[in-house]
Amino acid sequence: MAAPEPAPRRGREREREDESEDESDILEESPCGRWQKRREQVNQGNMPGVQSTFLAMDTEEGVEVVWNELHFADRKAFAAHEEKIQTMFEQLVLVDHPNIVKLHKYWLDASEARARSPPAPQVIFITEYVSSGSLKQFLKKTKKNHKAMNARAWKRWCTQILSALSFLHACSPPIIHGNLTSDTIFIQHNGLIKIGSVWHRIFSNALPDDLRSPIRAEREELRNLHFFPPEYGEVADGTAVDIFSFGMCALEMAVLEIQANGDTRVTEEAITRARHSLSDPNMREFILSCLARDPAHRPSAHNLLFHRVLFEVHSLKLLAAHCFIQHQYLMPENVVEEKTKAVDLHAVLAEIPRPPRPPLQWRYSEVSCLELDKFLEDVRNGIYPLMNFAAARPLGLPRVLAPPPEEAQKAKTPTPEPFDSETRKVVQMQCNLERSEDKARWHLTLLLVLEDRLHRQLTYDLLPTDSAQDLAAELVHYGFVHEDDRTKLAAFLESTFLKYLGAQP
């Protein structure tokens with residue numbers, strides 16, 4: 001099958017708003033021209049030691065991202081360990097979880113001719129922009145306006161944070177966050193929770209001594225000291241460090257604010273008062289188990305996901321929703337609305353026998369269709385992650401982030417791919433085949449709806465040698481489709497070919 005040309009991708013698929021910003025607002029561009037650093041500075045807590053964080057634009061997708069710069073003062077040390085830095089970033093790009101701030105791209109800039117201050121080598125990396133700010137900021141607004149935390153929101157947030165921690169801790173070796181506070185947890189506009197600053201501990205532990213200067217391993221802000229366990233700094237870090245920090249975050253989410261004294265440091269007395277103010281015994285027991293002084297007595301993130309206080313959604317309902325979302329590409333876009341219209345609202349949905357009393361019945365009229373649509377949208381956005389009931393290890397683990405020294409020395413910088421990989425899943429597919437005017441070829445039109453509701457239309461003239469598997473592989477290779485969607489796309493195309501052609505081409 002002939003490879004599609006790179007140029008038409010940009011021509012037929014802009015998928016971005018018209019650029020209204022003045023060129024003077026663009027401070028710098030990436031070498032490929034895709035990422036544009038803007039003038040506005042943001043604070044998204046990606047890593048202590050990052051000297052400047054700017055709002056940036058992904059010109060291909062038309063979305064805002066964050067431009068981060070990590071400067072190194074020692075040029076010789078940077079040059080000596082440049083390959084190690086590249087290897088770390090290449091592996092960090094592979095960390096992909098809906099509740100972790102995504103690292104999209106990176107590049108090294110060691111040019112002495114670049115006009116900047118300080119004139120030092122640097123690593124520039126592009127991360128996801130989380131639109132609604134940090135958890136700390138959100139809690140302050142909530143306390144000002146509502147005075148209390150919604151219990152359902154608290155459960156959703158805890159579940160999402162634990163889902164991310166369970167993913168990191170199940171890697172081999174485990175990835176320790178080590179800097180989890182309400183300042184490094186962020187909220188998307190749709191309610192999705194994402195944890196940032198995942199890279200801090202990896203860098204502070206993996207970089208050689210002569211390159212650690214840009215990474216402040218010590219916590220300098222007194223107001224964050226209470227997020228770290230008593231054993232921190234005295235014993236080797238383990239996953240229990242993150243569990244203690246999570247417990248403090250869960251406590252702060254429950255009470256909205258743990259009062260600090262005059263020097264902005266949160267005291268043990270303030271933490272004790274916050275714990276005693278919790279009225280729900282299950283919530284109190286859940287948080288206290290995370291804050292155990294002995295790290296060996298703290299539960300794992302995976303086990304905490306199954307605590308009785310977090311089971312807001314029945315497991316069967318959750319499994320059904322994830323199954324629906326996974327196969328939604330086979331269904332019409334408004335399938336839920338159409339199906340609910342055809343349902344007899346007086347029909348019995350479920351019944352509980354209670355002899356000799358009449359059975360307890362639940363009718364379709366008692367099910368809100370709007371709530372069902374909202375629930376499916378929340379599942380699609382990652383607000384209700386599907387916990388792995390069979391094993392403690394999540395699927396799709398990244399490669400080892402701390403390879404043995406002998407392997408790191410052998411690692412070579414790979415040849416860059418011609419296109420960036422697609423990170424969004426397909427939620428709906430439509431395909432149409434039409435004869436060309438000369439009746440000699442078939443013209444294929446493929447419409448893909450991605451999980452962020454972006455519509456992608458692709459066209460192609462089929463050759464006699466083309467197969468569904470080859471087409472799906474090329475769409476993945478050129479960054480149109482996520483790797484995980486390759487198999488189902490191939491199956492979908494094959495069924496389309498059988499429908500229109502009577503046999504696979």
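**Arg308 is exposed, its relative accessible area being 54%.** Buried stands for a relative accessible area under 20%, exposed for over 50%, and partly exposed for values in between, with a 1.4 Å probe and protein chains only. This is a predicted model, in which local features need a pLDDT of at least 70 and side-chain atom pairs count only at pLDDT 80 or more, whereas totals for chains, interfaces and linings use all residues. Residues are numbered from 1 along each chain as its sequence is written, and side-chain values use heavy atoms, with hydrogens and water left out. Arg308 forms a salt bridge with Glu285, and the closest N and O atoms of this pair are 3.7 Å apart. Because Glu285 lies in helix α9 (residues 281-290) and Arg308 in the loop between α10 (301-304) and α11 (315-326), the pair ties together parts that are 23 residues apart in sequence. Glu285 is partly exposed, with a relative accessible area of 34%. Helices (H or I, at least four residues) and strands (E, at least two) are DSSP runs, numbered from the N terminus.

**A salt bridge joins Lys194 and Glu128.** A salt bridge is counted when a side-chain nitrogen of Lys or Arg lies within 4 Å of a carboxyl oxygen of Asp or Glu, and by this rule the count comes to 13 salt bridges. In the pair shown here, the closest N and O atoms of Lys194 and Glu128 are 3.2 Å apart. Lys194 belongs to strand β8 (residues 193-195) and Glu128 to strand β6 (residues 122-128), so the pair ties together parts that are 66 residues apart in sequence. Lys194 counts as buried at 6% relative accessibility, and Glu128 is buried with a relative accessible area of 14%.

**Arg424 and Glu422 form a salt bridge.** The closest N and O atoms of Arg424 and Glu422 are 2.8 Å apart, and both residues are buried.

**Strands β12 and β13 run antiparallel.** Two strands pair if DSSP finds at least two bridges between them, and seven bridges join strand β12 (residues 442-450) to β13. Val449 stands opposite His455 in β13. Four residues lie between the strands of this hairpin, in which Arg453 takes a positive phi near 75°. In a regular strand the side chains alternate between the two faces of the sheet. Strand β13 (residues 455-461) has a covered face made of Arg456, Leu458 and Tyr460, while His455, Gln457, Thr459 and Asp461 make the uncovered one.

**Leu349, Trp362 and Val367 make a nonpolar surface patch of about 240 Å².** Patches are made of residues with over 30% relative accessible area and no salt bridge, where like charges are joined within 9 Å and nonpolar side chains (Val, Leu, Ile, Met, Phe, Trp, Tyr) within 5 Å. Accessible areas come from the Shrake-Rupley method with a 1.4 Å probe, and for residues only the protein chains shown count as cover. Trp362 lies in strand β10 (residues 357-363) and is partly exposed, with a relative accessible area of 40%. In the loop between β9 (348-354) and β10, where Pro356 is found, the peptide bond from Pro355 to Pro356 is cis, with omega near 0°.

**Helix α3 (residues 82-92) is largely enclosed by the rest of the structure, because eight of its eleven residues are buried.** The buried residues of α3 are Ile85, Gln86, Thr87, Met88, Phe89, Glu90, Gln91 and Leu92.

**Leu256 has a positive phi, near 75°, in a residue other than glycine.** Leu256 lies in the loop between α7 (239-255) and α8 (268-276), and at 4% relative accessibility Leu256 counts as buried.

**Leu372 has its place in helix α13 (residues 369-380).** Leu372 counts as partly exposed, at 32% relative accessibility. The C-alpha atoms of Leu372 and Glu337 are separated by 9.9 Å, although these residues are 35 residues apart along the chain.

**The mean pLDDT of the chain is 76, and 77% of its residues reach 70 or more.** Over residues 1-24 the pLDDT is below 50, and this stretch has 42 contacts in the model beyond near neighbours in sequence. The pLDDT also stays under 50 over residues 388-418, for which the model has 47 contacts beyond four places in sequence. Here pLDDT is the predictor's confidence in each residue, from 0 to 100, and contact means heavy atoms within 4.5 Å. Where pLDDT is low, the predicted coordinates should not be read in detail.
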